[in-house]
Amino acid sequence: MAFPPTPSFQQRLSLERLQQWEALGYGMFLHFGISTYDGNELSDGTLPASAFNPTKLDVEQWVNTIKEAGMRYAVLTTKHVAGFCLWPTEHTDYHIGASPVGGDLVGDFVAACHKHGIRPGLYYCSWDNHHTFGAKSVSQYWQHNLERTFSHVALNQEYLDFQKAQLTELLQRYPDLEELWIDIPLILPMGYRRELYEHCASLQPNCLIIMNNGIPDKQGIVYQHSWPTDVVTIERDLPKVNGIVKSQRTSRGWETRHEYCGEYFYLPAEICDTMGMEWFYEEDDEPRSTLELASMYGICRSRGANLLLDVGPTPEGLIHDKHRDGLFRLRECLEKNNWAA
């Protein structure tokens, strides 16, 4: 599918800035929220805010683990499919302030990252089963579509305004972010997506704005799903030996001529995958072996991509010892083989 050319769209971030991000190399993805408590990654958003109750919540422990594991950046899910928000947002009452723990988890996370020299990133999901504003939820569209695609999803303007307001709040409230990770952007209208990208970039010009490319194409960007974006993301797979589709592989990242833009853009790559099998913590989900994790890391880095490795905090609000131990074994292995970032 070819889109009309828009020659006025130009590379927003400098090559130097994008390569600074690439040099981080290795980060942690933290999936935490209502799904931690109902055991459903695609939670329907009906569990009350009172269910969110991490009785031993320790964000310092998270960030110390990230640092000791040799990671240089981290991305926290501020709002996932359930619609529950980990910061006291002004735009809904479905947030951490209405939970037994209270406070501002996003603010604590960003502050701890800055304190310990870890670059913070925030994740925000466009798919929201709680805030539908009277429309059919994305889950309902997906469930009744035999092809299991999002082609028939039609978000109403109330939700689009809500998402823009919440992202504005996050970017204004938490400065100096490394990246803003917007998930499931393919359900957003193309014009709105471009407007949202430019709006977010205007609030934090140095922040990478990532529209998740996700699973559809394992080699390169799918323009109708995730453009515009500053990074090509690939879920649960590894970068291919020969680079990405419609691209010229360079020594770092990819320089791509987009048929949508008619311009050259340098698009670094980020692979996101789980330490075990699940995004959110599950008691019986064991970490992969050190050999497998080291292989994932080595392939990503040797092929020019960052690795964002997911570890879900427990319902008590801690990084479990089995994950901490696995991460430390991995770092020892990487250092022994001179693979560390």
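This is a predicted model: local features need pLDDT of at least 70, side-chain atom pairs count only at pLDDT 80 or more; totals for chains, interfaces and linings use all residues.
**Stop 1: the whole chain.** Show everything as a cartoon. The chain holds ten helices and eleven strands. It has 341 residues, and 55% of them count as buried. Now think about contacts between residues with a separation of 6 or more. Of these, 73% join residues 24 or more positions apart.

**Stop 2: alanine 51.** Select alanine 51. You are in the loop between helix 2 (35–38) and helix 3. Along the chain, tyrosine 37 and alanine 51 are 14 residues apart. Their C-alpha atoms are separated by 7.0 Å.

**Stop 3: helix 3 and helix 4.** Select residues 59–68 for helix 3 and residues 105–116 for helix 4. Their axes come within 9 Å and cross at roughly 40°. Helix 3 is therefore oblique to helix 4. The crossing of the two helices is right-handed.

**Stop 4: the contact.** Show side chains here. Which residues of helix 3 and helix 4 make the contact?

- From helix 3: Val59, Glu60, Trp62, Val63, Asn64 and Lys67.
- From helix 4: Leu105, Asp108, Phe109, Ala112, Cys113, Lys115 and His116.

Colour this set by residue type. Seven of the contact residues are nonpolar, two are polar and four are charged.

Key: Residues are numbered from 1 along each chain as its sequence is written. Side-chain values use heavy atoms; hydrogens and water are left out. Axes are lines fitted to C-alpha atoms, for helices over the stretch in contact, and angles run from 0 to 180 degrees between N-to-C directions. Helices (H or I, at least four residues) and strands (E, at least two) are DSSP runs, numbered from the N terminus. Angles under 35 degrees count as roughly parallel, over 145 as roughly antiparallel, 65 to 115 as roughly perpendicular and the rest as oblique. A crossing is left-handed if the near helix is turned anticlockwise from the far one by less than a right angle, and right-handed if clockwise. Contact means heavy atoms within 4.5 Å. Ala, Val, Leu, Ile, Met, Phe, Trp, Tyr, Cys and Pro count as nonpolar, Asp, Glu, Lys and Arg as charged, and the others, Gly among them, as polar. Buried means under 20% relative accessible area, exposed over 50%, partly exposed in between (1.4 Å probe, protein chains only).
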